[in-house]
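Biologist: I would like to learn how to read aromatic rings and pockets in a model. Could you take me through them one at a time?

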Amino acid sequence: MTNFLTKLKLIYLPYLIISLLVISIYSFLNWLLIMYWQLISPNEELVNFWLPMAISILAVAIWLRPRVKLLSLKTQRNNLPFLYYFVAALAILAPTIIAQEYLITATGKLTSLQTIEQIDRHHLTKYYRLKKHFIDKKRSAFYIRSEVTGRNSEHIVFYIDIVSPILDSAGKYNSPVAWLGTEYSKSVSSSMSNTEKHEAYTAFAKDTEKEFNSKDLDLFDYLDHIGNSDTHRGFINALKTSSAYSGDADRQVILIAQKGVFENRNGDKLQWIFYSFGIGAGIWLILIAIPKLNRAGLKKYTPRTWQADAMAFFKPFAGMKWRDTGITGILIGVNVLIFTIMVFAGLGVISFDTADLYKWGANYGPAVKNGEWWRLITCMFLHGGVMHLLMNMFGLLLVAAFLRSLLDNLKLGITYFICGLLASLASIWWNPTIVSIGASGAIFGLYGVAIALLTTNKSGTGNKKGILLSFLFFVGVNLLFGLIGNTDNAAHIGGLVSGLIMGYVLYFFIEAPKPPRKKRIKIKQETITPDTGQTAEPA
């Protein structure tokens, strides 16, 4: 019983406090800064999922990780602690996400208007109810976009975003003050040929046109003023093509039709905040009740303030200097920084629209030929989404860990940029009509350098065969996925070939590793006198 009470005090109670603080403080700041004061307008996906996930993981790593070590969780693979961290983070994340969804619907104010023209007389609210309205389908405008999804880019989702002017009545063709948004989507396999993809999209477009023409857009109970999201950006791009559009696109009001009783808009979200919190707390209680306490760790454990816990989390980075990170750290930092800026600019998280990537410097043959040569370089630091970024940075870390012992920062950096540049040129040479982005061409170049050096005597005497096979496997799998997925294999092959060539060129600028020096060990000899048993030193 004493052991269980100790667990409750040192592990379970801190978990409850951390969970409640994360849920309440994050929800309050979201409501205050974004919903009430409207100081910033970040992407809803970032606010409702990605930031809560990051905060939950950090909270567990900073405050709960030292306490989990008080449990005896030793296994052969030592994977039980990770399970505990994962469950704790998930138990905090689930109610936090549901709370944000509840805030969006619950705090939104309903404004009743006689006509849509009155919307400018009121402060913008979340919901609207119109007594008189007419949706002008004849002046509708549409925007086509696509999105690559899946862990290995195995799906392509086609979107058709349509905006229609909201007017007071039929026949009144004034400049719209608000638009009704309607979105259609269809997912297809990215392994399909270009002809099959075109046929799938053509069929989808025909079905969408037929459904939209037969739909009565005036049948709705209230309107939802949507926030910053991929859908909202699609609607903004659609209205820019409309003949009825005028003014600043970002200031246009986009509304979505909603059916049903307004008072029921929240559903069961509020209850599920408490349900998910209770389920997570119950599972965590069972998990900490099963193992025994780590007596050795308990004796060494001294309760710390939250400030001390926070500093302990960052202790591995204490004293680290900028130059110690090397060119690899700088490259990863720049890639992550640009991705983060794009996310906070409201361009998305899971994926970015092709038009936005082009504006930020994606590689595109006609643009490069027209003098925008800088796209050959800027495309190396752009990524299509969070999974694209993570996979590329993992591949970079893997190969850089090997090359760091062979190439200094200058050689590694020059190799990265040359291979990336040649990969970009290969991409527009093979298919000049596609928009391509990513650091994978430069990274494949580094793998080419590593593979080339592993076939020489300049890469040491360790497990060369094993490393070579693992690199070849990594390259082969990625090239295979490039054949069946929505991947620019021309850039991959261009980077790989240029890396192989550069590897053999660098061979002449790398010193062969020196064999380990054999240490001479002096052994002190002792002899035993038989008759007395005394130890005597040899002469």
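Biologist: Which residues do ring pairs link into a cluster?

Modeller: This is a predicted model. In it, Tyr 12, Tyr 15, Tyr 84 and Trp 284 are joined into a cluster by ring pairs.

Biologist: How is a pair of aromatic rings described?

Modeller: Two values are used: the distance of the centres and the angle of the planes. Searching the whole structure gives 22 aromatic pairs. One of them joins Tyr 127 and Tyr 222, with ring centres 5.7 Å apart. Their planes stand at 80°, so this pair is edge-to-face, since planes over 60 degrees apart count that way.

Biologist: Which parts does that pair tie together?

Modeller: Tyr 127 belongs to strand β2 (residues 127-130) and Tyr 222 to strand β7 (residues 222-225). The pair therefore ties together parts that are 95 residues apart in sequence.

Biologist: Is Tyr 127 buried or exposed, and what about Tyr 222?

Modeller: Buried means under 20% relative accessible area. Tyr 127 has 3%, so Tyr 127 is buried. Tyr 222 has 5% relative accessibility, so Tyr 222 counts as buried too.

Biologist: What are the values for the pair of Tyr 447 and Phe 471?

Modeller: Tyr 447 and Phe 471 are 5.3 Å apart centre to centre, with 85° between the planes, and the pair is edge-to-face. Tyr 447 is in helix α15 (residues 440-454) and Phe 471 in helix α16 (residues 464-484). The pair links distant parts of the chain, 24 residues apart. Both Tyr 447 and Phe 471 are buried.

Biologist: Where does the charged end of Arg 145 sit?

Modeller: The charged end of Arg 145 sits over the ring of Tyr 159, at 4.1 Å from the ring's centre. In another case, Arg 265 lies over the face of Phe 262, 4.0 Å from the ring centre.

Biologist: Now to pockets. What shows where empty space is left?

Modeller: A probe the size of a water molecule is rolled over the atoms, and this shows where empty space is left. Here the second largest pocket has a volume of about 1,500 Å³. Its lining has 50 residues, and the closest to the pocket centre are Ser 41, His 225, Ile 226, Gly 227 and Asn 228.

Biologist: Which helix gives the most to the lining of the second largest pocket?

Modeller: α1 does, with five residues. At least two residues of this lining come from each of α1 (2-36), α2 (44-68), α5 (230-239) and α10 (354-359).

Biologist: How many residues of each class are in that lining?

Modeller: The lining of the second largest pocket has 22 nonpolar, 18 polar and 10 charged residues.

Conventions:
Residues numbered from 1 in each chain as written. Predicted model: local features only at pLDDT ≥ 70, side-chain atom pairs only at ≥ 80, totals over all residues. Heavy atoms only, no water. Phe/Tyr/Trp six-rings, centres within 6.5 Å; stacked < 30°, edge-to-face > 60°. Helix = DSSP H or I, 4+ residues; strand = E, 2+ residues; numbered from the N terminus. Buried < 20%, exposed > 50% of the residue type's maximum accessible area, 1.4 Å probe, protein only. Lys NZ or Arg CZ within 6 Å of the ring centre and 35° of its normal. 1 Å grid on protein atoms, 1.4 Å probe; cavity = no way out; pocket = protein on both sides within 12 Å on 5 of 7 lines; lining within 4 Å. Points joined across faces, edges and corners; volume = space filled by probe spheres on them. Nonpolar A, V, L, I, M, F, W, Y, C, P; charged D, E, K, R; others polar.
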